[in-house]
Amino acid sequence: MNRIVIYEPNPELLAMYRGQLESQKFWVFACQDEQEVKALIQKQIFHLCLWSSENVESLETIHYLKSQRPEMGFIVMSSIVDPAFIVSCIRSGASNFWAKTSESHTFIDVITQTLGRIVPTSGQEPNIDFPFPQFVGRHPEIQEIFRLILSIKDTDSTV
């Protein structure tokens, strides 16, 4: 299950983004506070960060966070669609850009496309609906352990 953290100061937009992502079975942590997201990213592993940015100054934060978590993807979400701003986003470490003025169905498309590029997969992605989202594991051996846990979770046997 892909883990996504969202930073969006607007509570209505934050709720909308979270709802769209959770309906697609993503594990989502949503924040309105920039400092809380920064602290969370340094403590936990996420596959992707959606970062709302309406000015060039906030791109410094993305650059810093990307240096701390180079394996994590960043999508900048902004209503600024100026090509120079988009280039600045990419140069700051963003993996992709989504214009808030775009149609809402493109939101999931951009996220899926970005995750496809940054999350390593080996062949067929196992479809495990694991009930513990705090555990992250994509390696086939870890996935096998998850399958084993799920197969014995309702038994009375001692492990």
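**Aromatic pairs, cores and a surface patch**

Author: This is a predicted model. It holds six aromatic pairs.

Reader: How are the planes of Phe 85 and Phe 97 arranged in their pair?

Author: The ring centres of Phe 85 and Phe 97 are 6.3 Å apart. Their planes stand at 80 degrees, and planes over 60 degrees apart count as edge-to-face. The pair is therefore edge-to-face.

Reader: Which elements hold Phe 85 and Phe 97?

Author: The pair links distant parts of the chain, with the two residues twelve apart. Phe 85 lies in helix 4 and Phe 97 in strand 5.

Reader: Is Phe 97 buried or exposed?

Author: Buried means under 20% relative accessible area. Phe 97 has 13% relative accessibility, so Phe 97 counts as buried.

Reader: What is the angle between the planes of Trp 98 and Phe 107?

Author: Trp 98 and Phe 107 form an aromatic pair with 5.0 Å from centre to centre. Trp 98 is buried at 5% relative accessible area, and Phe 107 is buried at 2% relative accessibility. The pair is edge-to-face, and the angle between the planes is 65 degrees.

Reader: Which residue forms one aromatic cluster with Trp 98 and Phe 107?

Author: Trp 98 and Phe 107 are an aromatic pair. The cluster they belong to also takes in Tyr 17.

Reader: Which members of the largest nonpolar core touch the most other members?

Author: This core has 21 residues. Elements giving two or more residues to this core include strand 1 (3-7), helix 2 (34-43) and strand 4 (73-78). The members that touch the most others are Val 5, Val 37, Ile 41, Cys 49, Trp 51, Val 76 and Cys 89.

Reader: How many residues are in the other core?

Author: Another core lies apart from the largest one. Among its members are Ile 4, Tyr 17, Leu 48 and Leu 50. The number of residues in this other core is 19.

Reader: Which residues form a nonpolar patch on the surface?

Author: The patch has about 220 Å² of accessible area in total. One of its members, Ile 149, lies in helix 6 (residues 140-152). The patch is formed by Ile 142, Ile 145 and Ile 149.

Definitions and conventions. Residues numbered from 1 in each chain as written. Predicted model: local features only at pLDDT ≥ 70, side-chain atom pairs only at ≥ 80, totals over all residues. Heavy atoms only, no water. Patch = residues over 30% accessible without salt bridge, like charges linked within 9 Å, V, L, I, M, F, W, Y side chains within 5 Å. Areas by Shrake-Rupley, 256 points an atom, 1.4 Å probe, with all protein chains shown as cover. Salt bridge = Lys/Arg side-chain N within 4 Å of Asp/Glu carboxyl O. Helix = DSSP H or I, 4+ residues; strand = E, 2+ residues; numbered from the N terminus. Core = buried A, V, L, I, M, F, W, Y, C linked by side-chain atoms within 4.5 Å. Buried < 20%, exposed > 50% of the residue type's maximum accessible area, 1.4 Å probe, protein only. Phe/Tyr/Trp six-rings, centres within 6.5 Å; stacked < 30°, edge-to-face > 60°.
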